[in-house]
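The entries run from the whole chain down to single residues.

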Amino acid sequence: MPVALVVGALGVVFGDIGTSPIYTLQTVFNPSDPHPVPISTENVFGVVSLVFWSVMIIVTVTYVLLAMRADNEGEGGIMALITLLRRSKAAQSRRAVPVLAGLGIFGAALFFGDSMITPAISVLSAVEGLKVVEPSLADLVVPITAVIIIALFMVQRRGTATVGRLFGPIMIIWFLVISACGIIGIAHHPAILRALSPTYALTFLVGHFGVAFFALAAIVLAVTGAEALYADMGHFGRRSITRAWLALVFPACVLSYLGQGALILADGDNVSSPFFLLVPTWGRLPLVVLATAATVIASQAVITGAYSVASQAAELGYLPRLRVIHTSESTIGQIYVPWINWLLMVSVLTLVFAFRSSVALAFAFGMAVTGTITITTLLFFYVGRWKWNVPAWLLGLGAIPLLVVDLLFVGANVTKLVHGAWLPLLIGLTAFTIMTTWQRGREIVTAERQRREGSLHDFVTRLRNEPPDTVAGTAVFLNRGRDTAPLAMRANVEHNRVRHEHILILSIETEPMPRVPAYQRTSVDDLGYADDGIIFVSARFGYLEAPDVPEVLRLLDPAVTEGRLELDQASYFLSKIELRRGESPTMAPWRKRLFIATSYITADAAEHFGLPRDRTVIMGAHIDV
């Protein structure tokens, strides 16, 4: 296993969870919390123990040891679990699958909320270290945070290919530094090591349930970023991520939490900023600078994750076709989605100016995290049931305890609804509504379009029996499948009374797998007649691939295309559908308006499929929704 993969994983995957020590314990003992945890020796031991065992159970067990074994052609994340559900013919016959797939889409929707909150809370928490260095700089925290966030989103279009090489070494320095700081704190109060025993976590949870339950809403901050380990598995591999987590990230985070706990035991006033107070006065400003760099990297990771989730959702039919720019020639996963980028930037800046502190944002943060973790756990065990044929009783032994832990965290965060936990739920519900409305509207439009297009076989037979005038050249008609005739082709024949010498009907199929092997890329069908110059080509792409139509057509063998295609001079025909709100009770009126409004962000089809603009003809039609 290349060391470069481990270093790369450290720089991209662990930015979010690796910066959680900055604000977790500070938030747990925050005196302004509506359910504050009193500072006492017993409570400090209990909280630190709960933090350790929460990270152990949720990150190490649920994600590293279990969930990362359920991959979709090497790709991970909640979208991979959804596609595994969709690909299973046996599973599709069960009623539970649509419900679980819907839960998965809601989990993906919650991730968009996470993508908005993470940059805001991460950068804010790091810049807030200035208040520890010099209290008079407190008023500059929000403006400096805003400048950093604007700069972060402005450089996204340049990609991370160049900057990415710096991420790994910076994060290695970060983890070594927070380990050393933690060791310094532990050295002053070695008894804190006893918090590693689960007895302290259980005693605190059972003996002081009223306090411990509410504390879970803040303790969950220690596991933020766990989904990134799974989602980025396709880029670095399960072994690289696992080794990086167990060898460096997990020990570093644990040492930091233990050191902060020891510092709070020594003086309760240190709870105001235990992370930065672990270092001497002379080292705090450099630590603020390093923490800011680490949180920018954490933000970069989750922003890239949002691009990936949005792109995959669009390919699977849950969002309109979005403009996707690949920023690296060597790494296919490095993409830039402009519409998502600017939406995130505006949202993050709004959160920074509205909440103005990491502590205030922490109330909102946990809900998105716990929701996504719980849904991932549920989907994993359902997939595991049919993927590995695990006995139900054995599955229950693992699923029930893990789901109980997840639901405890969800329940604790529900108590923060009026204090900000409503925000990620609102974002998630909004994204979920948009995604499911688009999926439903797309089904309605597709059904009406198929009705208008009519049978492709009958249309080709009619062209053979009643041939119109033929013009020289090659015409490529993009179509949604092989059953119906392209609207543009039908309109060209019926209105212009002509057809091209060579006609290629092309269907682009997005498969529920990340990438399609080259030998499975295309299939050709003569549609029953080998001498009429009309062929049907099906081109298959994975949901992580960008379809390039001209490039695919160049790979076709002339022996199966009924003659040599003049691709350098070929004309490409697209059917453009204009949507109008109809009277049919297909959807609620507000959902019809939402569907039509969402359609306006659809990326240009010619650009999406790589078509030459000077040889692309667009023919329109109206469809009532």
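I looked up burial to begin with: 57% of the 625 residues in the chain are buried (under 20% relative accessible area; exposed is over 50%, partly exposed in between; 1.4 Å probe, protein chains only). I note that the model is predicted, that local features need pLDDT of at least 70 and side-chain atom pairs count only at pLDDT 80 or more, while totals for chains, interfaces and linings use all residues. Residues are numbered from 1 along each chain as its sequence is written, and side-chain values use heavy atoms, with hydrogens and water left out.

**Overall form.** I find 26 helices and eight strands in the chain; these are DSSP runs (helices H or I, at least four residues; strands E, at least two), numbered from the N terminus. The C-alpha trace spans about 95 × 50 × 50 Å along its principal axes.

I took contact as heavy atoms within 4.5 Å. Of the contacts between residues at least 6 apart in sequence, 83% join residues at least 24 apart. The accessible surface is about 25,700 Å², and carbon and sulfur atoms hold 61% of that area; the method is Shrake-Rupley with a 1.4 Å probe, and for residues only the protein chains shown count as cover. For charge I found 46 positive and 45 negative, with mean positions 4 Å apart. Lys and Arg count as positive, Asp and Glu as negative, and His and the chain ends are not counted; the places used are NZ of Lys, CZ of Arg, CG of Asp or CD of Glu.

**Cores.** Which residues have the most contacts inside the largest nonpolar core? I list F14, W174, F175, I192, I241 and W245, in a core of 157 residues. A nonpolar core here is a set of buried Ala, Val, Leu, Ile, Met, Phe, Trp, Tyr and Cys residues joined through side-chain atoms within 4.5 Å. Helix 7 (residues 96-127) gives this core its largest share, 16 residues. A second, separate core has 21 residues, including V537, F541, A570 and F609. I then followed W174: leaving out residues up to four places away in sequence, W174 touches G18, T19, I22, F275, L287, L290, A291 and A294.

**L81.** L81 sits in helix 5 (residues 78-87) and counts as buried because its relative accessibility is 0%. Beyond four places in sequence, L81 touches A70, Y230, T376, L379, F380 and V383.

**T374.** I placed T374 in helix 19. T374 is buried, with a relative accessible area of 13%, and touches L403, D406, L407 and V410, residues up to four places away not counted.

**Positive phi.** I looked for non-glycine residues with positive phi and noted R356 at about 65° and L527 at about 60°. R356 is in the loop between helix 18 (338-355) and helix 19 (358-387), and L527 is in the loop between strand 5 (522-525) and strand 6 (534-542). Is each buried or partly exposed? R356 counts as partly exposed at 47% relative accessibility, whereas L527 is buried at 10% relative accessible area.
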